[in-house]
Each structure stands twice: as structure tokens, then as C-alpha cells.
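Visitor: I am new to this structure and would like to learn how to read it. Could we go through some of its features one by one?

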Amino acid sequence: MYLHLGSNVVVPQGDILGIFDLDNTTASRITREFLASAEVLGRVVSVGEDLPKSFLLCRDKTGKETVYLSQLSPATLIKRVESGSFEAY
């Protein structure tokens, strides 16, 4: 099963480590440093052109971590996960 993040981007449910509110978490210096480091390493994928509201930390089967910036709110993404309304592609 897959979670649709917007703009035709989907991630496997099992790869998701966390869904975070971008406004609340970037108040922390540690989170800002983590996101900046991920950007430098080329591990940030921006989903869509709109201002991002959330970010997801994912790890694939090879152990590679990717940060996805989504314009969808964390509440919407979490609701999709909890309701099992994953989109199959």
C-alpha cells in the first residue's frame, strides 16, 4: 500500500518513519539543522509547487533516507494513514 503525498508522488507505507508539521518542528534548531543537512546531501524531495505544510521522513529497503516536503497538512496525511485510505498505484 502507498500513501499519496500530492503531485503524483507516492511512498510505500512501510517506508514512512514519521510525518511532521513543518511550522511546529522547524522552531527547533536541531530540526532545522537536520533538514539543512538532508538538503545538502540531496535527500529532500519537494512535492508540488505550493508552500509545504509537512515533511515525511522515509527510509527505503536499502536504508537510504529521504525527506519529502508536502503541501498537504500533517493531519490530512495522518488521517489517510489511520483510515487505511492508501492509494494503490
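Visitor: Is Gln-71 buried or exposed?

Guide: This is a predicted model, and the values that follow are computed from it. Buried means under 20% relative accessible area. Gln-71 has a relative accessible area of 18%, so Gln-71 is buried.

Visitor: Where is Gln-71 found, and which residues does Gln-71 touch?

Guide: Gln-71 sits in the loop between β6 and α3. Leaving aside residues up to four places away in sequence, Gln-71 touches Leu-5, Gly-6 and Ser-7, then Val-47, Gly-48 and Asp-50, and also Leu-51, Pro-52 and Lys-53.

Visitor: Ser-7 is on that list. Where is Ser-7 found?

Guide: Ser-7 belongs to the loop between β1 and β2. These two strands make a hairpin, with 2 residues between them. Their pairing is antiparallel and runs over 4 bridges. One of the residues involved is Gly-6, whose bridge partner in β2 is Val-9.

Visitor: What should I look for in the backbone of this loop?

Guide: Ser-7 is not a glycine, yet has a positive phi of about 50°. Asn-8, in the loop between β1 and β2 as well, is not a glycine either and has a positive phi of about 60°. With a relative accessible area of 71%, Asn-8 is exposed, while Ser-7, at 45%, counts as partly exposed.

Visitor: Which residues make up the largest nonpolar core?

Guide: The general idea is that in soluble globular proteins, nonpolar side chains tend to be buried together. Here the largest nonpolar core has 11 residues: Leu-3, Leu-5, Val-11, Ile-16, Ile-19, Val-47, Leu-56, Cys-58, Tyr-68, Leu-72 and Leu-77. At least two residues of this core come from each of β1, β3 and β5. Another core, of 7 residues, lies apart from it and includes Leu-22, Leu-35, Val-67 and Leu-69.

Visitor: What does Tyr-68 touch?

Guide: Not counting residues up to four places away in sequence, the contacts of Tyr-68 include Leu-5, Val-9 and Val-11, as well as Val-45, Val-47 and Cys-58.

Visitor: In what order do the strands of the open sheet lie?

Guide: The open sheet has 4 strands in the order β3-β5-β6-β4, with mixed pairing. β3 and β4 are the edge strands, each pairing on one side only. From one strand to the next, the twist averages 20°. β4 pairs with β6 in the parallel sense over 4 bridges, and the bridge partner of Val-47 in β6 is Ser-70.

Visitor: Which strands does helix α3 lie across?

Guide: Helix α3, residues 74-83, lies across β3, β5 and β6 and runs at about 145° to β3.

Visitor: How many aromatic pairs does the structure hold?

Guide: A pair of aromatic rings is described by the distance of the centres and the angle of the planes. The structure holds 1 such pair. Phe-20 and Phe-55 are stacked, at 4.9 Å centre to centre and with 25° between the planes. Phe-20 lies in strand β3 and Phe-55 in strand β5, so the pair ties together parts 35 residues apart in sequence. Phe-55 is buried, with a relative accessible area of 3%, whereas Phe-20, at 31%, counts as partly exposed.

Note on methods. Residues numbered from 1 in each chain as written. Predicted model: local features only at pLDDT ≥ 70, side-chain atom pairs only at ≥ 80, totals over all residues. Heavy atoms only, no water. Pairing = 2+ DSSP bridges. Core = buried A, V, L, I, M, F, W, Y, C linked by side-chain atoms within 4.5 Å. Buried < 20%, exposed > 50% of the residue type's maximum accessible area, 1.4 Å probe, protein only. Contact = heavy atoms within 4.5 Å. Axes fitted to C-alpha atoms, helices over the stretch in contact; angles between N-to-C directions. Phe/Tyr/Trp six-rings, centres within 6.5 Å; stacked < 30°, edge-to-face > 60°.
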